[in-house]
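Welcome, and thanks for taking a look at this one with us. Please have the sequence and the 3D view open side by side as you read.

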Amino acid sequence: MLYGRSSEQADIERLLAEARAGQSGTLVIRGQAGIGKSALLGYAATRAEGMRVLRGVGIESEAELPFAALHLLLRTGLDRIRALPDAQAAALSGALGLGDIAPENRFLVGLATLSLLSELAGDGALLCLIDDAQWFDRASIDALVFAARRLEAEGVVMIFAARAGFHAAGLPELRLGGLDGAAAAALLPADLPPQVRERLIEESDGNPLALVELPAALTAEQRAGRLSPVGAMPVADRVREAFQKQIAALPEPARAALLIAAADGSGELETVAAAGASLQGLESAERSRLIEIRGTTIGFRHPLIRSAAYQSAPVTRRLAVHRALADALTGSAAVDAADRRAWHLAAAVLGSDEGVARELGEAAERARTRSGYAASAAAYERAAELTADPVRRSGRLAAASLAASDAGLMGRAAALADSVTSDVDDPDVITALIQVRAHREFELGTPLAAGRIILDGVPRVAARSSEWATWLLVETVRCAWFAGDARLAEEAAASLRALPETGSPLVSGALGLTRLLSGDIKEGTRLMGEAVDGHALAGLGVPGLTFTASLCLPLGRAVHYEEITGQILAECQESGMIGWLAFAFQDHGLAQGWLCRYGEARAALDAGLRLAVDLGHEHRVSHLMCSLGWVLAHQGDVERCRATAEEGVARADGQGQALAAAIGRWALGLLELGLGRPDAALRQLEAISLTGVAVLSAADQVEAAVRAGRPERAKEPLARYLAWARHVRQPSPDAIALRCRALVEGDEAHFAHAVRRHEAAGQPYEQARTRLAYGEWLRRARRRADARSQLRGALEIFDRLGAEPWAERARAELRATGDVPAAPRKADDPLSVLTPRERQIVRLAANGASNRDIAAQLFLSPRTVGYHLYKAFPKLGITSRSQLAAVARSSRVPD
């Protein structure tokens, strides 16, 4: 029976009821040791009638073994792995040591975990209970939290119980405090004197475990009421002390068995016995209710008992026990036996030991190949501590730093990188260490400081590898572009010119960006054009392609931008390059938005935003928010655009992210312009200082100045945009440049020419804006019939795109001509009734993708995909999947 937890029990009951109805749910129960977290998990298990239950518990000594906890949780359902898509099945099997193929990244394992949980739920419901999550290995936590954040319609409940040290941002939490007086009193023995009961309630602070265990530790005199006024101790310490007294009272064989079990951590009875624990000793400990033996496994009744058994033993006995456990694991066929042996050997060593360091290094490599990067970092770091040779020690610290970076532990990675001495001479390692330090600074500091870190490290690399030095300098220019710092870019460009000629299009692109940052539009666009037009793009890989794609934006090449970013996105999804995937979603979302495919743009940017949060990429979150705001501004989603863009700009300004902040301000200016607030639009657009974005947004700045009645403030942005359009030579910029001239000069010929030029541009939003501006000009010239033709064309496009503020302006203008415009509609877009997520799934399903294929692409479970299709069918007026293709084809609005 649980005392004082009725509210928490009700929360659990609600989650279980929703799971039985097909909805998933997650809960993180937090609190100190003994506060009742495990009891609530036990309550959930007793209330899970008709549900499949999976249970896992974190073990401190296994926190450095990759995927150990995940294996424990999923062990009864591993026979269903073969039902997963091949790539996911291979990744999860490799991670758990059940197959030969190592996973390419930990998030692919997370997706496989999500799919497996959905599979195990079947047509019923599934309850996953995860106790002591703070001691799960990092790889397991990454996979489980990744899955938990994406649960929707699988009928899966995941409940985590954890103390401090478990991080799961975005998951709902329940924080347990101490019991109230009445509930606390109910747990105490009835025969205690009132003053003793009061003192125990006060000292326990309502901690249920303390209330149960502290009375047992009282002497006869204390139970009778003779309590000394000792100073208060933390509850966990008091409970641990009570357990230590119980252990001290046991016979020697039981104390020895408890120490071996505590040091082992695996719970394998065979291993504990092989290390010297007697069955008699284990039975004695079990009779004392300190451990439980179930079949071939041993479990401590509470983690504090394990801690008490280990900490109360002298250090010499602990070292001996770890050596015995290492010997017991020698030759074991268990998947993780070699890793556990290496760690036990390391725990038994004082000082340096190259043999043990080598075994730990091998364990680190095994962890790395299974995407257990955090475990790999810990093993390499401990191996370095055991290494006497300074060069070899630096190499192992460097490996630990790279593994920590891959695990997303930026602070730890940078600290490890800083501890590497100058002994390292390998240019690959030196380059990687520079990138680790810069990556941390980029994510937690500023892109300008990150660029400085790279630039300062280039001379050391250049002396050993011109190729690596070239790439680092290109990276420096990218940092300068994000920071909007022309000086840093110029320094990097000067160093690039001094290197031997590589012929790489990346060099031309970096030099072009540098010229653009300095305000040289002509030379900047020429050099960037050379990079984008280069014939070596196929060999660049994702990082090089991402850099090349970023050049398409200031070159005005919307179609090319969409093609390259689509290629990058597909490659990241197919190869599992999750570290680059958030970036790929961002660029592809912007490209789709530029081509007026707003549904797909929002879906891509939303997906990237969720992933960036998962990865902890703070700067990417800012950039994605600003980019999403820019797409929302086109459709006039006022509330969400303003909230998203304003938060993104605030974050970007604080992070020195000039590029992101510029896109966010452009979004806010464009929103105000669409709402008919030109003065507010002008303030936002004039605040954009980054040359690349300032050039692209100059046309909106021109229109804002003209509509605000301040034509003198249109001259400079007009000259800027005309110069850019002249050099990029693209149909849409040409047409927009003509519109700008028409707005400033009032020349109808420019309007007419702009409308014709838009026919070849492929950007209907800009075409509609030109026709709206032309129609407004014609109406003011009292040419109502001509005005109606342009305004109707603009309205039709705005309605089709869902650009509501602009459509309303076109309607108002039509009414002013005496016309009666039609009500708002999206007649050419039957998919307009769907949410962005439903729309994305329907598009993929219409192209023949199965639920499993769609789930793999969108990081969802197959059941969630089916749920969204189930909701979409009645909205579309169809009853079967075979009808989707016809509906999608009838939509004239691209996503």
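Please keep in mind that the model is predicted. Across the whole structure, the search turns up 57 salt bridges, along with 6 cavities of 30 Å³ or more. Strand E4 (residues 156-162) gets its own section, since 7 of its 7 residues are buried.

**Salt bridges around Arg515**

- Arg515 pairs with Glu490 in a salt bridge whose closest N and O atoms are 2.7 Å apart.
- Arg515 belongs to helix H26 (residues 505-517) and Glu490 to helix H25 (residues 486-498), so this contact ties together parts that lie 25 residues apart in sequence.
- Glu490 has a relative accessibility of 27%, which means that this residue counts as partly exposed.
- Arg515 has another salt bridge, to Asp520, with the closest N and O atoms 3.7 Å apart.
- Asp520 counts as partly exposed because its relative accessibility is 26%.

- Glu838 and Lys871 meet through their side chains in a salt bridge, at 3.8 Å from N to O.
- This pair links distant parts of the chain, with Glu838 in helix H44 (residues 836-846) and Lys871 in helix H46 (residues 862-876), 33 residues apart.

**The largest cavity**

- How much space lies in the largest cavity? The volume is about 280 Å³.
- Its lining is made up of 23 residues, and those nearest the centre are Trp594, Trp666, Ile736, Gln763 and Glu766.
- Several helices each supply at least two residues of this lining, among them helix H30 (578-594), helix H34 (658-674) and helix H41 (764-780).
- Helix H39 (731-745) is also one of these contributors, and H39 gives the largest share of the lining, with 4 residues.
- By class, the lining of the largest cavity holds 13 nonpolar, 6 polar and 4 charged residues.
- In general terms, rolling a probe the size of a water molecule over the atoms shows where empty space is left.

**The second largest cavity**

- The second largest cavity has a volume of about 160 Å³.
- This cavity is lined by 16 residues, and Trp481, Phe482, Ser550, Asp587 and Leu659 lie nearest its centre.
- Two or more lining residues come from each of helix H24 (466-483), helix H28 (541-552), H30 and H34.
- Which element gives the largest share of the lining of the second largest cavity? That is H30, with 4 residues.
- The lining of the second largest cavity divides into 10 nonpolar, 4 polar and 2 charged residues.

- Because 7 of the 7 residues of E4 are buried, the strand is largely enclosed by the rest of the structure.
- Both faces of E4 are covered, with Val156, Met158, Phe160 and Ala162 buried on one side and Val157, Ile159 and Ala161 buried on the other.
- Strand E1 (residues 25-30) runs parallel to E4 and is joined to E4 by 6 bridges.
- Within this pairing, Gly25 has Val157 of E4 as its bridge partner.
- Strand E3 (residues 126-131) also pairs with E4 in the parallel sense, over 5 bridges.
- Ile130 stands opposite Phe160 of E4.
- E3, helix H6 (residues 138-149) and E4 together make a right-handed β-α-β unit.

**Val53 in strand E2**

- Val53 sits in strand E2 (residues 52-57).
- Val53 is partly exposed, with a relative accessible area of 32%.
- Although Val53 and Leu120 are 67 residues apart in sequence, their C-alpha atoms are 9.8 Å apart in space.

How values were computed
Residues are numbered from 1 along each chain as its sequence is written. This is a predicted model: local features need pLDDT of at least 70, side-chain atom pairs count only at pLDDT 80 or more; totals for chains, interfaces and linings use all residues. Side-chain values use heavy atoms; hydrogens and water are left out. A salt bridge is a side-chain nitrogen of Lys or Arg within 4 Å of a carboxyl oxygen of Asp or Glu. Buried means under 20% relative accessible area, exposed over 50%, partly exposed in between (1.4 Å probe, protein chains only). On a 1 Å grid over the protein atoms alone, a cavity is a set of points where a 1.4 Å probe fits but cannot get out, and a pocket is an open set with protein on both sides within 12 Å along at least five of seven lines; lining residues have an atom within 4 Å of a point. Grid points are joined across faces, edges and corners, and a volume is the space filled by probe spheres set on the points. Ala, Val, Leu, Ile, Met, Phe, Trp, Tyr, Cys and Pro count as nonpolar, Asp, Glu, Lys and Arg as charged, and the others, Gly among them, as polar. Two strands pair if DSSP finds at least two bridges between them. A crossover is right-handed if, with the strands pointing away from the viewer, the path from the first strand over the helix to the second runs clockwise.
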